[in-house]
Protein chains: 2
Amino acid sequence: MIIVGERINGTRSRVKQAIMAREADFVEEEAQQQAEAGADYIDVNAGTGPDREADDLVWLARTVQAGVSTPVCLDSPNVEALRAGLEACTGKAMLNSASAEEGRMQAVLELAHRHGARVIGLTMDDAGLPKTAEQRIAIAQKLVAKAEEIGIDRDDIFLDPLARAVAVENEQGAAFLDAVSGIRQSLPGVHVICGLSNISFQMPARRLLNRTFLAMAMAQGLDAAILDPLDGGLMAAVCAGRVLLGQDDMCMGYIEAHRAGRLAEWS
Amino acid sequence: MIIVGERINGTRSRVKQAIMAREADFVEEEAQQQAEAGADYIDVNAGTGPDREADDLVWLARTVQAGVSTPVCLDSPNVEALRAGLEACTGKAMLNSASAEEGRMQAVLELAHRHGARVIGLTMDDAGLPKTAEQRIAIAQKLVAKAEEIGIDRDDIFLDPLARAVAVENEQGAAFLDAVSGIRQSLPGVHVICGLSNISFQMPARRLLNRTFLAMAMAQGLDAAILDPLDGGLMAAVCAGRVLLGQDDMCMGYIEAHRAGRLAEWS
């Protein structure tokens, strides 16, 4: 499992304050804590207005890279902000995100290819968010075809089948899970990623739903997730999932997490 | 999800004591607590010697039925004990278990058919416990072919692909999960069941592994489990899993469990 740490996001008020005041210490510490907790990428999302987002994203990327060696995942709907952010990245970054929308697919994929970055592709197009597994798989195939045409390796493509709220439409959990296994089967070599919080929107006991959903999606082939690595229950589920899928050699990762006291609360 | 409550098992010393002393109150209360916690069947396993097991199983079945209306799952490797237990059952019982071993397959399946009972079929034969998903699926097919030849409906067949310890063989979790989806695809209409505790044998933080494994197996199509319904974390995972698979209409089961305070500790 590849973990993208989601905490440095300007929609969190404390992060927004840090961006506005250029509090590098706060951002560096958020990055360090996530890296120590197991993040493979540190997502940075400025969440500021179009007049300043590119500058903010560059500052966030530079600040994170000053604090940790973990690569950055640049998170913005704004292609120009992604472009500016990439110029500030020294390692192999990730872009969050492309989609199959006209004007966004080509531009973001070309940007990723030019900089050798990995890229998240959301399975949505100009018709909006898909409802069924089949629609998600069809958009995934379109995204991968375009990415390969541009020259991006499958190992650099992370498809996000977009979890939608089960409280709104009861069948959306199953549709997402079917999409994960469908993408795995029809597009070997790509990664499948998701954010977790949408699934439990408007539900009580959300962390239980998010954690259970992550385990179920891992069983279907999800191999990356955008999450808060400081959520101990979620990381304990990742740790257990790795063991149960045979991805934890000799179960040593799990045993070490247990010895470090990171599993006790969740067992 | 069909829940088989596993607590009335003579290998637990307190249960053994109750069997020896014919403490009906204790057994009735164990049955009632499991039924209230969501058990659809109450498993009874005497775990006593061959000279008295049939008598003990009959007493357990009668005692459980005096306390709850939930049907009984008769649990014994001894065909004669199952036969005696069935005579004491008034409703549609479940037999735990048949296997594809010579002498056990035919006898237990015929017994189930004669009494209209449901039956658990372990995917093992005279060669022992299978290692791979393919071996499990092949034995499952043999069991279902024999059961149908005898006249048992698929809806009365519960196949258990037998979870084996990941601590001993790292790949056994994935092999089990692949077997669940393989059985679902190749044998539509049958149920897939499992016991949970073997998977985490010799590992620390076992309840975390068991709970995560249950969620993963539900995603692959597991629709029944033999477990302790008084394990709040396990039942919370079942509750979340039902929502995420679209099996909880309007999410009402989850919302009610939340209101009753059964999820708070696990979120």
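# Reading the terms in a predicted model

Me: Why is the crossing of α6(B) and α7(B) called right-handed?

Reply: In this predicted model, the crossing of α6(B) and α7(B) is right-handed. The term applies because the near helix is turned clockwise from the far one by less than a right angle. The axes of α6 (residues 133-150) and α7 (residues 172-186) of chain B cross at roughly 35 degrees and come within 8 Å.

Me: What makes residues of α6(B) and α7(B) count as meeting?

Reply: The criterion is heavy atoms within 4.5 Å. On the α6(B) side the residues that meet α7(B) are B:Ala133, B:Arg136, B:Ile137, B:Ala140 and B:Gln141. Their counterparts in α7(B) include B:Phe176, B:Ala179 and B:Ile183. By class, this contact has seven nonpolar, four polar and two charged residues.

Me: Why is B:Thr48 called buried?

Reply: The relative accessible area of B:Thr48 is 10%, and buried means under 20%; B:Thr48 is therefore buried. B:Thr48 lies in the loop between β2 (41-45) and α3 (53-67) of chain B. Not counting residues up to four places away in sequence, B:Thr48 touches B:Ile19, B:Met20, B:Glu53 and B:Asp56.

Me: What makes the pair B:Thr48 and B:Asp56 a polar contact?

Reply: The side chains of B:Thr48 and B:Asp56 are joined at 2.8 Å, and the cut-off for a pair of N or O atoms is 3.5 Å. The pair therefore qualifies as a polar contact.

Me: How do you know whether A:Arg104 is buried or exposed?

Reply: A:Arg104 has 17% relative accessibility. Since buried means under 20% and exposed over 50%, A:Arg104 counts as buried. The residue sits in the loop between β4 (94-99) and α5 (105-115) of chain A.

Me: Which side chains form polar contacts with that of A:Arg104?

Reply: The side chain of A:Arg104 has a polar contact of 3.1 Å with that of A:Ser97 and one of 3.0 Å with that of A:Glu101. Among the residues that A:Arg104 touches, not counting those up to four places away in sequence, are A:Pro77 and A:Leu122.

Me: Why is β1(B) said to pair with β8(B)?

Reply: Four bridges join β1 (residues 2-9) of chain B to β8(B), and the strands run parallel. Pairing requires at least two bridges, so the two strands pair.

Me: What makes β7(B) a partner of β8(B)?

Reply: Three bridges join β7 (residues 191-195) of chain B to β8(B), also in parallel; at least two are needed, so β7(B) qualifies. B:Cys194 stands opposite B:Ala225.

Conventions. Residues numbered from 1 in each chain as written. Chains lettered and ligands numbered in written order. Predicted model: local features only at pLDDT ≥ 70, side-chain atom pairs only at ≥ 80, totals over all residues. Heavy atoms only, no water. Buried < 20%, exposed > 50% of the residue type's maximum accessible area, 1.4 Å probe, protein only. Polar contact = N/O pair within 3.5 Å; in protein donor to acceptor, adjacent residues only side chain to side chain. Axes fitted to C-alpha atoms, helices over the stretch in contact; angles between N-to-C directions. Nonpolar A, V, L, I, M, F, W, Y, C, P; charged D, E, K, R; others polar.
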